Amino acid sequence: MHEFAERGPSSAAFSPGAACAGPRSPAVLYDERMALLLDIRDLRVRFAAVEAVRGVSLSIHEGEVLGLVGESGSGKSATALAILGLLPSTAHLAGQILWPGGNAGKELDLLRQPAEAIRRIRGRQIAMVFQEPMTALNPVMTIGRQVAECAAAHDSSLTGKEARRRAIAALEAVAIPEPAQRYRDYPHQFSGGQRQRILIAMALINRPRLLIADEPTTALDVTVQAQILALLGQLQREYGLAMLFISHDLAVVGQVAGRVAVMRAGEIVETGPCVQLLTAPQHAYTRSLLAAVPTLCSDRTLPLAVAEPCQDLF
Ligand SMILES: Nc1ncnc2c1ncn2[C@@H]1O[C@H](COP(=O)(O)OP(=O)(O)O)[C@@H](O)[C@H]1O
Ligand SMILES: [Mg+2]
């Protein structure tokens with residue numbers, strides 16, 4: 001059975017404080033003893049006249065989930081793609097993205113590494129899951145082979161048999177039923193939620209230190225979205241993963257992130273613990289994002305509020 005990739009309401013029963021990855025859900029909250037992992041300093045990304053990212057500074061600690069939220073076009077994906085070295089060559093970049101991925105933990109500036117070095121880091125140390133599970137998978141290759149290739153890409157000594165064994169284990173970890181039997185199936189034979197699970201298996205097979213999840217549930221319907229969020233939270237805790245979780249939806253971010261950064265028109269306008277952001281937002285823009293989330297008390301006969309427009313951009 002196939003799910004339709006439609007965007008459903010994410011948060012029918014949203015209640016600000018309770019939706020946070022607080023004590024109720026054991027997502028790792030930032031604590032100052034955690035080691036700094038990724039340190040973005042004054043990142044700027046420009047496409048011709050469009051300043052997509054305007055001086056963003058963010059840090060992510062070992063094992064921490066940082067949420068990045070903001071309306072569409074605010075520069076979230078440009079930030080993620082800059083970390084991964086995946087922006088097109090037309091993008092002008094400035095700032096620093098510091099990552100302790102060199103020999104003996106040496107700090108590297110990811111913006112200034114040769115393409116080959118970034119390729120080694122991408123997928124091995126920093127992995128990603130994007131919004132659209134169908135376009136991210138090769139439609140004419142079996143899913144087993146695609147998952148096994150992720151393992152083999154970063155370990156040339158891996159035998160075919162061992163790559164297959166690891167791929168099946170990775171598919172099992174993301175709860176694909178009967179992975180050994182389904183190994184030879186193609187992407188279209190899986191539902192949207194299962195395809196996203198397969199992409200998570202591919203992202204995590206090399207046990208990266210950081211997972212960047214850019215709108216990983218936006219294309220899924222609301223029930224499947226909740227299952228994928230639960231899976232990401234479970235794997236994040238199990239593997240001690242750090243995660244940058246990106247969404248336009250504050251309610252979704254609140255379910256997995258310990259700390260949240262709010263982005264608007266290329267800038268971070270507010271950063272803080274999730275509970276604080278959802279219960280006592282300081283910035284008017286965060287308040288308007290919150291107002292755009294339906295709650296149990298929302299009057300469903302009225303349209304939802306929309307985030308305030310970014311007049312200063314135009
Ligand atoms: N490859 C590109 N070429 C030109 N402009 C781009 C490109 N990618 C993104 N942009 C522009 O950069 C801004 C930020 O986009 P993006 O980072 O995708 O936002 P978000 O992920 O928050 O929705 C937008 O104005 C978008 O149109
Ligand atoms: Mg985006």
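Which residues of H5 are buried? I looked this up before anything else. They are Ala 163, Arg 166, Ala 167, Ile 168, Ala 170 and Leu 171. I call a residue buried if 20 or more other C-beta atoms, placed from the backbone, lie within 10 Å of its own; 12 or fewer makes it exposed, and anything in between partly exposed.

**Ground rules.** This is a predicted model, in which local features need pLDDT of at least 70 and side-chain atom pairs count only at pLDDT 80 or more, while totals for chains, interfaces and linings use all residues. I number residues from 1 along each chain as its sequence is written, and chains are lettered from A and ligands numbered from 1 in the order in which they are written.

**Confidence.** I noted the pLDDT, the predictor's confidence in each residue from 0 to 100. The protein averages 86, and 83% of the residues score at least 70. A contact means that the C-beta atoms of two residues, placed from the backbone, lie within 7 Å.

**Overall.** I listed 11 helices and 10 strands. These are DSSP runs numbered from the N terminus: helices are H or I with at least four residues, strands E with at least two. The protein has 314 residues, of which 46% count as buried. Of the contacts with a separation of 6 or more, 70% join residues 24 or more positions apart.

**The open sheet.** I traced 4 strands in the order S2-S1-S4-S5, with antiparallel pairing. Strands S2 (50–61) and S5 (108–109) are at the edges with a single partner strand each, so one side of each has no neighbour in the sheet. Two strands pair if DSSP finds at least two bridges between them. Strand S1 (residues 36–47) is joined to S2 by 9 bridges, and Val 45 stands opposite Val 53 in S2. Helix H1 (residues 76–84) packs on this sheet, touching S1, S2 and S4, and its direction makes about 115 degrees with that of S1. Axes here are lines fitted to C-alpha atoms, for helices over the stretch in contact, and angles run from 0 to 180 degrees between N-to-C directions.

**Ligand 1.** I found H1 again here: its 3 residues are the largest share of the shell around ligand 1. The residues around the ligand include Phe 47, Gly 73, Lys 76 and Pro 88. Such a residue has its C-beta atom, placed from the backbone, within 6 Å of the ligand.

**S6 and S7.** Strand S6 (residues 126–129) is covered on both faces, with Ile 126 and Met 128 buried on one side and Ala 127 and Val 129 on the other. S6 pairs with strand S7 (residues 210–214) in the parallel sense over 4 bridges. Met 128 has Ile 212 as its bridge partner in S7.

**Back to H5.** The cover over the buried residues of H5 includes H4, helix H6 (179–182) and helix H7 (192–204). I looked at Ala 152, which lies in helix H4 (residues 143–153). Ala 152 counts as buried because it has 20 C-beta neighbours inside 10 Å. Not counting residues up to four places away in sequence, Ala 152 touches Leu 158 and Ala 163. The C-alpha atoms of Ala 152 and Ala 163 are separated by 6.4 Å.
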